[in-house]
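Hi,

Here is the model I promised to pass on. Please have a look at it first, and then read on for my notes.

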Protein chains: 2
Amino acid sequence: MRKIVFLISLLVAISVSAQDDMAIKSQVAAAITELREFIAIPNDALNADDIDDNVLWLKRKFGERGFNTAILETENMPLFFAALPVDDAKPTLLLYMHFDGQSVDPSKWDQPNPYEVVLKAPEGDGFKTISFDELNDDINYDWRLFGRSTSDDKSPIIMLLNTIDLLKKEGKEIPFNVKVILDGEEEKSSKPLPKAVKQYRELLEADFLVIADGPVHPSGDPTVVYGCRGITTLTLTTYGPVKPQHSGHYGNYAPNPGFQLAQLLASMKDSDGKVTIPGYYDGISINDTTKDVLKSVPDSDAEISDKLQFKSAEKVGGFYQEALQYPSLNIRGLGSGWIGDKARTIVPESATAELDLRLVVETDGNRLKKLVKDHITKQGYTLFDHVPSKEERMAHDKVVTVTEGSVTDAFRTDLDNPYGQFLVNTLQSSFGKDVIQIRTTGGTVPIAPFINELKIPAFIVPMVNPDNNQHSPNENLRIGQLAYGIKAFYGMLTSELN
Amino acid sequence: MRKIVFLISLLVAISVSAQDDMAIKSQVAAAITELREFIAIPNDALNADDIDDNVLWLKRKFGERGFNTAILETENMPLFFAALPVDDAKPTLLLYMHFDGQSVDPSKWDQPNPYEVVLKAPEGDGFKTISFDELNDDINYDWRLFGRSTSDDKSPIIMLLNTIDLLKKEGKEIPFNVKVILDGEEEKSSKPLPKAVKQYRELLEADFLVIADGPVHPSGDPTVVYGCRGITTLTLTTYGPVKPQHSGHYGNYAPNPGFQLAQLLASMKDSDGKVTIPGYYDGISINDTTKDVLKSVPDSDAEISDKLQFKSAEKVGGFYQEALQYPSLNIRGLGSGWIGDKARTIVPESATAELDLRLVVETDGNRLKKLVKDHITKQGYTLFDHVPSKEERMAHDKVVTVTEGSVTDAFRTDLDNPYGQFLVNTLQSSFGKDVIQIRTTGGTVPIAPFINELKIPAFIVPMVNPDNNQHSPNENLRIGQLAYGIKAFYGMLTSELN
């Protein structure tokens, strides 16, 4: 019985989609033109002139759509703010996107200018360039637009602007106040954002925040993300003889820094990859409801293993999505002496491990770093925050330098938050598909401190294809994602809160 | 009472030395001239023409002293052989030295041409160049001759030739047959030597072998070395995801190769630096007599610690000389991902440790490598001698690539060997000083396989200053070492076996 009801609702959804799809496709054509114009303005986050040029363009484009705009000065680059006229009776949605991009090295791109969009069609395992004239006959959603920030993160801004256009054409009323904050240095860690919240609190006041950045789940299905892991780092350096020594003359006499480091690191984890430092996972508990949501994400652990070529994953979580609910302790780099052709018969002078610790909301970065440092002390080491002097080296049997990186916090909105439910429902009815709900994504977003400062429920609603070559040469956007984004924004901006 | 006897014999020794010293100094002047001529013939072990030019010079110089000479062809560079006319009634001494040198980079030297000897006098912490004319007034034994192979190892050959001249002048009879084998590719690992023993066994037949290579003990005192450690290597590589992965998305899910490697390495040694792999030290026992000889070497463990800046040495041996009687297990290099400024938030694809194992005569290199490999297997790893394929990676929980370096054996002559006693006694009476007896030096000499193939007692009698910058730019010889070497050879070639 239930199956039949589901089937009917799916059919309704499809027919509704099919009807809207004509209007959306014609809007996609306009969006492509506007995106090409936007991409043509270089947006290297390291170049203030680039950022200014983009802000001026945005001011014009949002102004044309009836937004009030403001350029918010900060200690660094300005932020761009836009809002449709406010009606105090309506709830307020704050949208976050960014218009800066990673630097480009044109020599590594398959096109002359990464800021001049190139249209390509799939061919074999790759793509071939085609003329934009081809779009006059028909728009194939599998074609792609190649250029810097086509996916990260200019196209979501274009999707929003074109959704506004579509809503106007159709005379639709938006049941929300819509505010937009656009970041000009996300690729440089969005440093001014948390302060901006304090300075421009009233302007940014809202009931919930939607971040349109990053790719949808690899399945391509509609996705809502409730949180991200944070990050901090530690660097450990152990010491042997003060200068490298001949391994014949001093091997098994001068302390070997590699063995010391290996022993320190080995003492932090068991062979299943679980951190054995007491308290490292304190405060984390995953109830059955949460576990069901984690399990509903259509990941295949077997597929991940196959793709990354390992038999068994670490066992911090029982499966991939569960693992991401815990903090990590990762060796991202090891170095001592030389390896390979350059290896020399020496006792090296030092050995270094670079660690990164991905954080969840339960595990404060400074608390975790202290746990690791206390653990190192318990192994008999004297800790320094600098390269120890001769006196310091000779006063203690085991010395280690521990340097700490800054902390970027995690954020996470509750899975049962009503605004989250609203987003899931509107996406579900827009696409006629179950929405993938990701409680915590493994990576770190630089805007987490902004979210934690705003103190409103926040959700990432990604819009672009997962294989977009974000941050790399040949970044691209599947044209179908423009239709996806317009449809997603359309649903959000036309649905009433339950 | 004993003290007085000692004092008298010391005085005798000094007066004998003083008497000879005039003759030796005039021979040193000749030796300097001849050494400059010899150094002027470039001797890069990588250049066959260089080696040939040196062989022709040696043939002439040894011929002039009444030696019969032969150029022994090998698969690689020729060896040079010389012998004084043989008297079957006498015991035979075989002398080994080498005439090839390390390559030079003239831009790194403080003189225009490393093959053109420069005379320098101490000044402050360094040296200043002086004219060779200064030698006409007086030869200062603290002056130095700078040039490639002035110490390693052309000057011992010159010391021998000039000792022969001095013996002739004084009409002394040599109570030995003297054979000389000169190596032309010691700096390239002396590969042809062991085969040459098989091919030219009769020619090389001798009662004992004296190797004049390397520096005397840092104290500057006369030194006899009874053995050297050998060496072999192992390279271990553990594996994470097949390509580096984002540490947010895959940290604490994809296996971390750094932690695997740390756990493997940590399992091999205790925190005192002792190898915990069963059998690693099997067969080694140091009795009280041996321990006394080891302790008599005037090393100061406190000085080594101070110089190398560590509080506590590893505890394989109770003190420095004892440590060298055991095989080492040394991490000479570690590498995974990147460290320092280049560190990136990744789970690296692999982690590599470069190990070197210094060997002693009791510990066969292949046996030790097998012990380490068996130990790795016991830790749950499947071993490969190549980078594992996808199928191999996915068939086993823990995979490691282990590649093995070749083995250069240790050698060691017994401390109570009568030829060793002879050498100690002659050096003691030549210099009026206790002779430093080193049972095993930590480094490895490439001629160990030659020694083991010859199967005769072998001793290293080093002649040159310890601070000679061997293998480096600004290699030099303290002129006093020419006097030292001539005196040492004179003692050896004029004393009767007990």
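**What I found in it**

Helices here are DSSP runs of H or I with at least four residues, strands are E runs of at least two, and both are numbered from the N terminus.

Before going further: this is a predicted model, in which local features need pLDDT of at least 70 and side-chain atom pairs count only at pLDDT 80 or more, while totals for chains, interfaces and linings use all residues. Residues are numbered from 1 along each chain as written, chains are lettered from A and ligands numbered from 1 in written order, and side-chain values use heavy atoms, without hydrogens and water.

Back to that pair. Helix α14 of chain A covers residues 418-431 and helix α16 of chain A covers 479-494; their axes come within 9 Å and cross at roughly 125° (axes are lines fitted to C-alpha atoms, for helices over the stretch in contact, with angles from 0 to 180 degrees between N-to-C directions). That angle is why α14(A) counts as oblique to α16(A) (under 35 degrees is roughly parallel, over 145 roughly antiparallel, 65 to 115 roughly perpendicular, the rest oblique). On the α14(A) side, the contact (heavy atoms within 4.5 Å) is made by A:Phe422, A:Leu423, A:Thr426, A:Leu427, A:Ser430 and A:Phe431, and on the α16(A) side by A:Tyr484, A:Lys487, A:Ala488, A:Gly491 and A:Met492. Sorted by class, these are 7 nonpolar, 3 polar and 1 charged residues (nonpolar: Ala, Val, Leu, Ile, Met, Phe, Trp, Tyr, Cys, Pro; charged: Asp, Glu, Lys, Arg; polar: the others, Gly among them).

In chain A, 4 strands form an open sheet in the order β5-β4-β6-β21, with antiparallel pairing (strands pair if DSSP finds at least two bridges between them). Strands β5 (126-130) and β21 (476-478) of chain A are at the edges with a single partner strand each, so one side of each has no neighbour in the sheet. From one strand to the next, the twist averages 35°. Within the sheet, β4 (118-123) and β6 (144-146) of chain A pair antiparallel over 3 bridges, and A:Leu119 has A:Leu145 as its bridge partner in β6(A). Helix α16(A) packs on this sheet, touching β4, β6 and β21 of chain A, and its direction makes about 65° with that of β21(A).

Chain B has an open sheet of 4 strands as well, ordered β5-β4-β6-β21 with antiparallel pairing. There, 3 bridges join β6 (144-146) to the antiparallel β21(B), and B:Phe146 has B:Asn476 as its bridge partner in β21(B).

Also in chain B, the axes of α2 (48-64) and α4 (154-169) come within 11 Å and cross at roughly 15°. These two helices, α2(B) and α4(B), are therefore roughly parallel to each other, and their crossing is left-handed.

How are the two chains related? A rotation of 180° with 0.1 Å of shift along its axis superposes chain B on chain A, with an RMSD of 0.1 Å (least squares on C-alpha atoms of residues with pLDDT of at least 70 in both). That is the relation of a two-fold axis. Both copies use the same surface: 100% of the contact residues of chain B recur in chain A.

Best wishes

Methods. Left-handed = near helix turned anticlockwise from the far one by under 90°.
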